[in-house]
Amino acid sequence: MYLTTTTWATIMNSDPVHAETVVLVLGIIPIAAIMVHKVIFGLLPFFGIGSIFRDIRSYTHWYEPPLEAPLAAIGGSNIQPASMLGSQPNDGADLGFLTLKCQAQQVSESKWLLSVVFELLNRTDSEIVFDDVHVRIFERDSFAPALDTISYFGDVWIARDNTLIKEDRSYSVSPADGFQLRLNVTATRVEGAPAYGASPTEKGGQLLVVFGIVIDYYIRRSGGHVERACRSSDSVYVLNSSGVLSGRAFFPVNQQSLISLRSSNGVTQSKATTKFFDRLGQYLEDHFAFRPRPKA
């Protein structure tokens, strides 16, 4: 509806109550409705639509893995028996975990294939049965630009390829024996504005991902009691596509290497880098202290 100058003057010179009603109906209410619409639909990617697009699938676990990456048909993960594992440092845990190698391959401008190779060693005098592998996500950042729409967002979608679940079986290991595993993970950078009809799509750009690995297992304790337990990886794994941290794209970080990272970046370290190192320290503490209890 369009009002001419004469019509608007007539309205404003009429009964004050009538004029206020017209201003409210034609001005304030539409503007308020637009703002509410923008806020509601702008937040949907984070609370509703976002979870649908991520296709997070739920599995029945004996505990709830926080921020677990969903499964995907990535290919390339494997598990095989390993020997000569006695050189692993002994941290007193039933199950020894040693990261051997981290590899990253950029398969497109927006997607990375990440491989973590690690060893598991049975340090007990009882058989251990591996049950599941989880990827715990601590941080992901797409550094998406802030554009002129409240709905616009960027994200990094992470998926794992789990041989243990794909083959629908478990693996047992005798005392002093172990396995070597390669776990593949994909990290895909996306941007989108769902409230305006722009579904999240892959888009190139810088991304940052930090995650850890958790192994579920069974062990028979003295007296025949079977206990479910878990072991966290000896490191968290960082994908930094810009390579500004010591020139590496994908690498493991433990307490010792974090000290080295801080010192090697100490001279030119920015506030953002300092805060990131602080967060890494918090992630490591949280990851190593992770001791879930079976759900009732």
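Visitor: In which sense do strand 11 and strand 12 pair?

Guide: Good place to begin, and please keep in mind that this is a predicted model. Strand 12 covers residues 250-253, and four bridges link strand 12 with strand 11. One of the residues to look for is Val236, whose bridge partner in strand 12 is Val253. The sense in which strand 11 and strand 12 pair is antiparallel.

Visitor: How many bridges join strand 9 to strand 11?

Guide: Strand 9 spans residues 208-220 and runs antiparallel to strand 11. Within this pairing, you can find Phe211 of strand 9 standing opposite Tyr237 of strand 11. The number of bridges joining strand 9 to strand 11 is four.

Visitor: How many of the five residues of strand 11 are buried?

Guide: Let's look at both ways the residues point. Val236, Val238 and Asn240 point one way and are buried; Tyr237 and Leu239 point the other way and are buried as well. Strand 11 is therefore largely enclosed by the rest of the structure, and its count of buried residues is five of five.

Visitor: Is Phe211 buried or exposed?

Guide: Try its surroundings: leaving aside neighbours within four places in sequence, Phe211 is in contact with residues including Leu114, Val135, Phe138, Tyr237 and Phe250. Its relative accessibility is 0%, and the cut-off is under 20%. Phe211 therefore counts as buried.

Visitor: What distance separates the C-alpha atoms of Phe211 and Leu67?

Guide: Along the chain, Phe211 and Leu67 are 144 residues apart.

Definitions and conventions:
Residues numbered from 1 in each chain as written. Predicted model: local features only at pLDDT ≥ 70, side-chain atom pairs only at ≥ 80, totals over all residues. Heavy atoms only, no water. Buried < 20%, exposed > 50% of the residue type's maximum accessible area, 1.4 Å probe, protein only. Helix = DSSP H or I, 4+ residues; strand = E, 2+ residues; numbered from the N terminus. Pairing = 2+ DSSP bridges. Contact = heavy atoms within 4.5 Å.
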